[in-house]
Amino acid sequence: MKQTDYLVLVNQLNALPNDWYETLETVRIRNRYDEELVLEKRTAAAYRKLKAELEENGIVAEPDSALRSIEVQQKIMDEFIREYGESYAKKTVAPPGYSEHHTGLAVDLFLVIDGNDSRRNEDLVQHPELWSAIHKRLSKYGFILRYPYGKEHITGYGYEPWHIRYLNDSAKAEEIMRRNISLEEYLGAAAESFVSIDYGTSRKYSEEELYEATVPIRCRFAADVSCTLEKLTYSGDRFEIRKMR
């Protein structure tokens, strides 16, 4: 009997296998707001253990999204385009049929801080110290951070500290996290590579703002096997000179 492939690669170049749901065992879980989600059976068990350890250390990380149908994925894409624009949506939301959430092995987390939930992406990224503490514990339970910072040109998505992926193998997960590589790199589906960014000198933009501006460009290269991105350079600010009267 065919077994679930916990190393399955689903990204912008690799769609969900047609026979995926033939062997997938799922269970239903609920978050603190009594919202029902569906996860692959072992993924759910591992998440519960991770959640328990986090709470022992004062961190509340609840599941916000798990298994999604293709129809739901399309709805999310449409909503992000309306709210944030097409560029942001494409670097954040996977095309229907090409999302890890179709596998049941991926979980998006949200944080509860001082009794208040933080669920919007722009709010979640404001807590790097909490995400760092969460990420340090992922591999112990067979999870990895699926979309690491600086790997946009490989994964096709911007840094998502909330998106974790189950591998059912703590040793493999530990290696991926220790080497700070993507799943694509670990599986040999993409060469380990680093994009050099020359930020130049700017009086108008911070380095963080310039980096964020490169993310959509970097993401586009993940779905293009015909070329490799090696360097990006900011050529400088452009100032308009006006005559005083």
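**Close-up 1. Glutamate 83 and its partner across the fold.** Glutamate 83 comes out as partly exposed, with a relative accessible area of 47%. This is a predicted model, and in it the side chains of glutamate 83 and arginine 120 meet in a salt bridge, 3.0 Å from N to O. Glutamate 83 belongs to helix H2 (residues 70–84), while arginine 120 sits in the loop between strand S5 (116–118) and helix H4 (121–124), so the bridge ties together parts that are 37 residues apart in sequence. Arginine 120 is partly exposed too, its relative accessible area being 40%.

Close-up 2. Zoom in on arginine 30 and glutamate 36 and you'll find a salt bridge whose closest N and O atoms are 3.3 Å apart. Arginine 30 is partly exposed at 47% relative accessibility, and glutamate 36 is partly exposed as well, at 42%. For context, the whole structure holds 20 salt bridges.

Close-up 3. Lysine 51 pairs with glutamate 62 in a salt bridge, with 3.4 Å between the closest N and O atoms. The two ends come from distant parts of the chain: lysine 51 is in helix H1 (residues 41–56) and glutamate 62 in strand S3 (residues 60–65), eleven residues apart. Both lysine 51 and glutamate 62 are buried.

**Close-up 4. The largest pocket.** This one has a volume of about 790 Å³. It's lined by 34 residues, and the closest to the pocket centre are Asp64, Ser65, Arg68, Ile76 and Phe80. Two or more lining residues each come from strand S2 (36–40), S3, H2, strand S4 (106–113) and H4. H2 has the largest share, with eight residues. Sorted by class, the lining has 15 nonpolar, seven polar and twelve charged residues.

**Close-up 5. The second largest pocket.** Here you get about 460 Å³ of space. Of the 18 lining residues, Tyr88, Lys91, Val125, Tyr159 and Glu212 are the closest to the centre. Helix H3 (86–92), H4 and helix H9 (207–222) are the elements giving two or more residues to the lining, and H9 gives the most, with four.

**Close-up 6. Rings around phenylalanine 80.** The whole structure has ten aromatic pairs. In one of them, the rings of phenylalanine 80 and tyrosine 84 have centres 5.2 Å apart and planes at 45°, so the pair counts as tilted. Both residues lie in helix H2, four residues apart, or about one turn of the helix. Phenylalanine 80 is buried at 17% relative accessibility, whereas tyrosine 84 is partly exposed at 27%. Phenylalanine 80 also forms a stacked pair with tyrosine 88, 6.3 Å centre to centre with 0° between the planes. Tyrosine 88 is partly exposed, with a relative accessible area of 24%.

**Close-up 7. An aromatic cluster and two charges over rings.** Ring pairs link Tyr6, Phe143 and Tyr166 into a cluster. As for charges over rings, arginine 119 lies over the face of phenylalanine 110, at 4.2 Å from the ring centre. The charged end of arginine 32 sits over the ring of tyrosine 33, 6.0 Å from the centre of that ring.

How values were computed:
Residues are numbered from 1 along each chain as its sequence is written. This is a predicted model: local features need pLDDT of at least 70, side-chain atom pairs count only at pLDDT 80 or more; totals for chains, interfaces and linings use all residues. Side-chain values use heavy atoms; hydrogens and water are left out. A salt bridge is a side-chain nitrogen of Lys or Arg within 4 Å of a carboxyl oxygen of Asp or Glu. Buried means under 20% relative accessible area, exposed over 50%, partly exposed in between (1.4 Å probe, protein chains only). On a 1 Å grid over the protein atoms alone, a cavity is a set of points where a 1.4 Å probe fits but cannot get out, and a pocket is an open set with protein on both sides within 12 Å along at least five of seven lines; lining residues have an atom within 4 Å of a point. Grid points are joined across faces, edges and corners, and a volume is the space filled by probe spheres set on the points. Ala, Val, Leu, Ile, Met, Phe, Trp, Tyr, Cys and Pro count as nonpolar, Asp, Glu, Lys and Arg as charged, and the others, Gly among them, as polar. Rings of Phe, Tyr and Trp (its six-membered ring) pair if their centres lie within 6.5 Å; planes under 30 degrees apart count as stacked, over 60 as edge-to-face and the rest as tilted. A charge sits over a ring if NZ of Lys or CZ of Arg is within 6 Å of the ring centre and within 35 degrees of the ring normal.
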